[in-house]
Amino acid sequence: MKSEATVKAKVENLLKPIFVEAKELFGEIKKLEEAIAKRAYEFFEKRGGKHGNDLNDWFLAESELLKPVPIEIKDTEDIVTVIAEVPGFAAEDIKVSVEDNVLMINGKFTKTEEKKEEGKVVFSEIKSTQFLRELVLPAIVDMSKAEAVLKDGVLTLTLPKLVIAEKEKKEIEVKIV
């Protein structure tokens, strides 16, 4: 029989997104940019290959491939709090990275849906949902003390600011010659 503490630890682990190194997300970002570029080019071709709406093609491709994620940033004296609405995502689907004062939040999940009749698959669909947000934070944060919690579709990142020791003030004697 599992102890209450073990069950609680497992539940807590499921509610905490993964903090990763920024370089780990760069590969994901590159794949995503390639997919957006490919889809934007399909829109361009569909319009007859005429220039003039290239940016609209890009935004349309982005809106098809990425889920919008509203973000709120709160800056206090000691902590930067980031709140992101990510309904439908589980903690293990979300990766968070901070390098200097740039925050990257990436989430992706794939859902497979099948309908069977008389033991045979008559309908199968694979649906992938993804989001990517890159934000400049108002301060450099201490990632060793950062916390992330996902509850009811809301991701809350608590990012303590990095404390930089003030340089020692030295008095300099001015001599008049």
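1. The sheet is open, with 4 strands in the order 1-4-5-6 and mixed pairing. Strands pair if DSSP finds at least two bridges between them. Strands (E, at least two residues) and helices (H or I, at least four) are DSSP runs, numbered from the N terminus. At the edges sit strand 1 (18-19) and strand 6 (120-136), each pairing on one side only.

2. This is a predicted model, where local features need pLDDT of at least 70, side-chain atom pairs count only at pLDDT 80 or more, and totals for chains, interfaces and linings use all residues. Residues are numbered from 1 along each chain as its sequence is written, and side-chain values use heavy atoms, with hydrogens and water left out.

3. Strand 5 (residues 102-117) and strand 6 run antiparallel, joined by 16 bridges. One example: Thr112 has Ile126 in strand 6 as its bridge partner.

4. Where does Asp57 lie? It is in helix 3 (residues 54-65). Asp57 is buried, at 6% relative accessible area; buried means under 20%, exposed over 50%, partly exposed in between (1.4 Å probe, protein chains only).

5. Asp57 touches Ala40, Phe43, Phe44 and Arg47, leaving aside residues up to four places away in sequence. Contact means heavy atoms within 4.5 Å. The Asp57 side chain also makes a polar contact with the Arg47 side chain, at 2.5 Å. Such a contact is a pair of N or O atoms within 3.5 Å; within protein, one must be able to donate a hydrogen and the other to accept it, and residues adjacent in sequence count only if both atoms are side-chain atoms.
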